[in-house]
Amino acid sequence: MADTGNGASLSFSATTGSYQIVSISGLEVTRDVIEVTKLSDTGRKRFIRDDLAEMGEVTVSAYSDAGAPSLFTDHGADLDETVTITYPQQPGGSTAGTVVFGGAITSIKSADAEMGEIMLIEFTVKGTGVSAGYTFTEGT
């Protein structure tokens with residue numbers, strides 16, 4: 001059953017703060033292909049799938065008066081922490097879906113100040129795949 005994003009949340013294992021989140025973009029995980037065509041091949045090119053997946057990034061928008069995460073939090077040598085996106089529980093469901101991945105905050109954009117517009121900050125969390133890898137758990 002389709003649902004809205006209302007009730008979704010984002011949490012970090014090391015970065016602390018309370019953010020009034022307006023939107024969380026989805027995390028896209030991709031795996032490139034590598035061409036392995038030889039001169040002796042005919043008719044078509046040959047490809048194999050790369051062994052390693054590329055972790056994408058998540059962009060978060062939040063109200064500016066709720067604070068912003070720090071790029072300068074000491075996360076240790078690998079600058080990596082566990083990031084959890086929890087989706088809203090579906091009507092009649094028993095558990096919420098989650099995406100858990102290793103990530104690091106890589107950018108923070110302060111709010112644009114415009115007349116008649118709510119001020120929002122944006123921050124980007126790059127999937128590193130280190131501490132938590134990547135796990136998607138479907139809600140039930």
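**Strand pairing and selected residues**

Tutor: Strand E1 (residues 9-12) pairs with strand E8 (residues 81-86) in the antiparallel sense, over four bridges. Strands here are DSSP runs of at least two residues, numbered from the N terminus, and two strands pair if DSSP finds at least two bridges between them. This is a predicted model, in which local features need pLDDT of at least 70 and side-chain atom pairs count only at pLDDT 80 or more, while totals for chains, interfaces and linings use all residues. Residues are numbered from 1 along each chain as its sequence is written, and side-chain values use heavy atoms, with hydrogens and water left out.

Student: Which residue stands opposite serine 9?

Tutor: Threonine 86 in E8 stands opposite serine 9.

Student: And how many bridges join E8 to strand E9?

Tutor: Six bridges join E8 to E9 (residues 98-109), and these strands run antiparallel. Glutamate 81 has glycine 103 in E9 as its bridge partner.

Student: Changing topic, where does aspartate 41 lie?

Tutor: Aspartate 41 is in the loop between strand E4 (33-35) and strand E5 (47-49).

Student: Is aspartate 41 buried or exposed?

Tutor: Aspartate 41 counts as buried, because its relative accessibility is 17%. Buried means under 20% relative accessible area, exposed means over 50%, and partly exposed lies in between (1.4 Å probe, protein chains only).

Student: What does aspartate 41 contact, apart from neighbours within four places in sequence?

Tutor: Leaving those neighbours aside, aspartate 41 is in contact with Val36 and Arg46; contact means heavy atoms within 4.5 Å.

Student: What about glycine 129, where is that?

Tutor: Glycine 129 lies in the loop between strand E10 (120-127) and strand E11 (134-137). With a relative accessible area of 31%, glycine 129 is partly exposed. Not counting residues up to four places away in sequence, glycine 129 touches Met55 and Gly102.

Student: How far apart are the C-alpha atoms of glycine 129 and valine 100?

Tutor: The C-alpha atoms of glycine 129 and valine 100 are separated by 9.9 Å, and the two residues are 29 residues apart along the chain.

Student: Last one: is threonine 16 buried or exposed?

Tutor: Threonine 16 counts as exposed, at 70% relative accessibility. Threonine 16 lies in the loop between E1 and strand E2 (21-24).
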